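I opened this structure to look up its open space and the meeting of its chains. My entries follow in the order I made them.

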Amino acid sequence: MANPAVRFQNVGQSFRVIQERPDTLREAFVHFFRRKPRSTHHDFEALKHISFDVPHGTTLGIIGRNGSGKSTILKIIAGVYRPSSGSVEVNGSIAPLIELGAGFHHELTGRENILINGLLLGLSKREIQRLEPAIIEFAEIGDFIDAPVKQYSSGMYMRLAFSVATAVDPDILLVDEILSVGDAGFRVKCFERIGNFREQGKTIILVSHDAEQIRDFCDRALLIHNGELIADTSPEAALARYEEVIGHPQPRTVSALPGG
Amino acid sequence: MLQLFSDVYRYRELIWALALKELRVRYKRSVLGFVWALLNPLMMMIILTLVFGSIMRFSIDHYAIFLLSMLLPWTFFSQALSYSVESVVSNAQLLKKVRVPKLVFPMAAVVANIINFLLSLLPLALLIVVLRFPLHWTWIYLPIPMVGLFLFTLGSAFFFAAINVFFRDISHIVQILLSAWFYASPIIYSLDFIPKKYHIFFRLNPMLYVLNGFRLSIYYGMLPSPGSTAMSLACGVAAVAIGFGLFCRYQDTFVYYI
């Protein structure tokens, strides 16, 4: 496989800042009649000229402060955003562990949600039926599988979501600091599964605040600061640079907060 | 249009699962569950029959059936539209996180209501038998006006769901539009009551052609003219071309506005 799993060439992503956009017809009319210049909005550049390659089989860490653009990179790889400039190449199937359980419906049972979530992630019904026992077993849900997920504890919810998302067997796994949730035992299991993916030669892209995770897991790390790529190097060097540029990385306890 | 067919085929399992989900959630936690899909229209029909059969009498024979022959497809149209207009926006959380084909959401809302509509034809047939009204052989023609109706509804669903992403007022406007549209269409009355010189305005309403086949087949036991059938299919195809075209053109930008 000569092509890299992911290649970013000079990628930029800008967002229009929302509060000044006419949100309703009334505002649109007002703007129209006042003949206000429509330049009341400004564009926010979330990413500026980002270029990097991720060869197949690499585990890449992305570090940076909240709001630095890490998650935006993952969303571009996942195909949620189309970059405003530059080009992105993705070779291989993707499983996004971006927000676990985003497609879950609270009134439906675990089993019904496995089906819908699996279909949303691009599996066929037959594949899901084949994988279902393994998904349920890994999630350790037991009899609750036929209860509506609104009755689940948050740990059960996360376990089921993680289990569905990783059952997809992707070429490229995108992980957005979700692994800081759940109890310690399940976290270990999650990391084991991610470790298996690594051994199978899959590509993993991991966004994290946790220096230890990056150090233990990644072959390489990117440091993003204010939308710019300021380091593309070994995890150790990237973490050292992080400390230099930003102050110290956040302590472990803080990483339990959702964010990105 | 071809694009639509291939996408629908590709995502058929997902669309079907989402449509069933919608129905399941609608009837969840009720003792009778799916029976409501049959019971609900049946109760409405009984009430209408009592009101128009004994209390208010019209010059139209068997007015309840006259009315229901168009009211059921209209109810489908208006419910499908009300559900689908919010369908993209209400899945914002999902669309922002995972790459999913956006067309499945309005599509699933329409499919869920198609199932409901088809189920509601059973109580109608039952009522017709009970009232000793003839169950015309022309019922077998119904799939053809249904194609026109479903396409027209789907096109409108795509159209309004897409605009609603950019202007949230649309979901309110659709409600008003639907009630105005209801009275502007000859559903509770017959076009015969309207002086000939105004017919020209009624003929501008696509719903006239889309609904016409239902009343002719169910109430009059007649087949619509080929011209009228062609018009209803043409309205359906045009609605899909416009609605789906608009939806496709803007779907990549949805994620920035929801």
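I started with the largest pocket, which holds about 1,400 Å³ of space. I kept in mind that this is a predicted model. I then listed the lining of the largest pocket: 48 residues. Closest to the pocket centre I found Arg10(B), Tyr11(B), Arg99(B), Val100(B) and Pro101(B).

I sorted the lining residues by type and got 29 nonpolar, seven polar and twelve charged.

**Interface.** I turned to the contact between the chains. I found 32 residues of chain A in contact with 26 residues of chain B. The size of an interface is often given as the accessible area lost when the parts come together. For chain A and chain B I read a buried area of about 2,600 Å². Carbon and sulfur atoms give 64% of that area. On the chain A side, I picked out Leu25(A), Val80(A) and Leu120(A), which lose the most area to chain B. Together they account for 21% of what that side buries.

**Polar links.** How many residue pairs are in polar contact between chain A and chain B? I counted six, with both residues at pLDDT 80 or more. I then checked which parts of chain A touch chain B. Strand 1 (6-16), helix 1 (25-34), helix 2 (70-78) and helix 3 (110-120) each supply at least two residues. Helix 3 of chain A gives the largest share, five residues.

**Salt bridges.** I counted eleven salt bridges over all chains. Two salt bridges run between chain A and chain B. In one salt bridge, I saw the side chains of Glu112(A) and Arg24(B) meet at 2.8 Å, N to O. I also looked up Arg82(A) and Asp252(B), whose side chains meet in a salt bridge at 3.0 Å, N to O. Arg82(A) lies in the loop between helix 2 and strand 4 of chain A, and Asp252(B) in the segment after helix 11 of chain B, so this pair joins two chains.

Technical notes. Residues are numbered from 1 along each chain as its sequence is written. Chains are lettered from A and ligands numbered from 1 in the order in which they are written. This is a predicted model: local features need pLDDT of at least 70, side-chain atom pairs count only at pLDDT 80 or more; totals for chains, interfaces and linings use all residues. Side-chain values use heavy atoms; hydrogens and water are left out. Contact means heavy atoms within 4.5 Å. Buried area is the accessible area (1.4 Å probe) that two parts lose on being put together, summed over both. A salt bridge is a side-chain nitrogen of Lys or Arg within 4 Å of a carboxyl oxygen of Asp or Glu. A polar contact is a pair of N or O atoms within 3.5 Å; within protein, one must be able to donate a hydrogen and the other to accept it, and residues adjacent in sequence count only if both atoms are side-chain atoms. Helices (H or I, at least four residues) and strands (E, at least two) are DSSP runs, numbered from the N terminus. On a 1 Å grid over the protein atoms alone, a cavity is a set of points where a 1.4 Å probe fits but cannot get out, and a pocket is an open set with protein on both sides within 12 Å along at least five of seven lines; lining residues have an atom within 4 Å of a point. Grid points are joined across faces, edges and corners, and a volume is the space filled by probe spheres set on the points. Ala, Val, Leu, Ile, Met, Phe, Trp, Tyr, Cys and Pro count as nonpolar, Asp, Glu, Lys and Arg as charged, and the others, Gly among them, as polar.
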